[in-house]
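Please read them with the structure open.

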Amino acid sequence: MSVKTVAFSGSRSIPAIGQGTWYMGEKASLRKTEVDALRAGIDLGLTLIDTAEMYAEGGAEEVVGEAIKGQRDKVFLVSKVYPWNAGGQKGQAACEASLRRLGTDRIDLYLLHWRGNFALDETIDLMNKLQQQGKIGRWGVSNLDVDDMQALWREEGGSACATNQVLYHLASRGIEYDLLPWCQQHDVPVMAYCPLAQAGRLRTGLMNHPVVNEIARNHNATAAQILLAWVIRHQGVMAIPKAASIEHVKANAGALDITLTGEELRLLDNAFPVPAVKTPLDVV
């Protein structure tokens, strides 16, 4: 069975499930477990690792740096810049600091974490300079809705954006109304963060939902695997769940082998309908 993949602007094809690192690097006592989980993920083919200067104020990047040491070329490395660092000398310094923490000389895909302090043209200028310097391979954005993406496309060089990373899971389907179709039309891959929802009632409700669990039994899978398989069912959509244990990483990798049937997708649509009107982009 072929593994579902996503390509970012001419890059090598990457498995449609990667590894997220939000909340990693916050406790020294968990560092070895986190590093081991990321390394196990790489071994299982989950070669895209997503991080950010925001996560543990650089601590997650340090965890990633330790995990990829000696195997940098196996990994497609993604990091994100704060909006107040996304231009000029601040951006240059922020990228170089991320590179030091990651222990590498390049970031494969560098994202604006959310729209904020710098004008879009200033951020594009920064990304172009970093590319020219060889510090980043490609650049993209995160948490931008349709109107923001349209504004980006109106800027010179804005259409070089290689991805939009947004919150997307079965109980948060707002992007399917307009943002996802727009991204697909413009060949912009979508990276889904929190594909299992954040910890709390919503996540618990998804994991325990009778329809999700019935489908999981049909596939001899877990509820989490079904939720991941659902997120990546669209062409050009990948999921970046966090997995801070080897057991969870193995389960995430297993979701790549699951293909939901048309009837199963219909049942999930009935349980979690697509919004009939435009909804604000969910962010956490």
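1. The buried residues themselves are Val146, Asp148, Met149, Ala151 and Leu152. Buried stands for under 20% relative accessible area, exposed for over 50%, and partly exposed for what lies in between (1.4 Å probe, protein chains only). Contact means heavy atoms within 4.5 Å. Helices (H or I, at least four residues) and strands (E, at least two) are DSSP runs, numbered from the N terminus.

2. On provenance: this is a predicted model, in which local features need pLDDT of at least 70 and side-chain atom pairs count only at pLDDT 80 or more, while totals for chains, interfaces and linings use all residues. Residues are numbered from 1 along each chain as its sequence is written, and side-chain values use heavy atoms, with hydrogens and water left out.

3. The overall fold. The protein has eleven helices and ten strands. Its radius of gyration (taken over C-alpha atoms) is 18 Å, close to the 19 Å that the globule rule gives for 284 residues, so the protein is as compact as a globular protein of that length. The globule rule is 2.2 Å times the number of residues to the power 0.38. The C-alpha trace spans about 55 × 45 × 35 Å along the principal axes. Of the 284 residues, 54% count as buried. Among contacts between residues at least 6 apart in sequence, 77% join residues at least 24 apart.

4. Surface and charge. The protein exposes about 12300 Å², and carbon and sulfur atoms supply 49% of that area; the method is Shrake-Rupley with a 1.4 Å probe. There are 28 positive and 32 negative side chains, and the centres of the two sets lie 5 Å apart. Lys and Arg count as positive, Asp and Glu as negative, and His and the chain ends are not counted. Each charge is placed at NZ of Lys, CZ of Arg, CG of Asp or CD of Glu.

5. Which residues of helix H8 (residues 210-218) are buried? They are Val211, Val212, Ile215 and Ala216. Seen down the axis of H8, these buried residues fall within an arc of 140°, so they line one face of the helix. The arc is that of the directions from the helix axis to the C-beta atoms. An α-helix has 3.6 residues a turn, so residues three or four places apart point the same way. The buried residues of H8 pack against helix H7 (201-207), helix H9 (223-231) and helix H11 (262-271). Pro210 and Arg217, on the other side of H8, are exposed. After H8 comes Asn220, with a positive phi near 55°.

6. Thr123, in helix H4 (residues 120-132), counts as buried at 5% relative accessibility. Not counting residues up to four places away in sequence, Thr123 touches Ala86, Leu112 and Phe118. Gly65 belongs to helix H2 (residues 59-68) and is buried at 12% relative accessibility. Gly65 and Thr104 are 39 residues apart in sequence and 7.6 Å apart in space, C-alpha to C-alpha.

7. The segment after H11. Val274 is found here and is partly exposed, with a relative accessible area of 34%. Leaving aside neighbours within four places in sequence, Val274 is in contact with Arg173 and Glu176. The C-alpha atoms of Val274 and Val284, ten residues apart along the chain, are separated by 20 Å.
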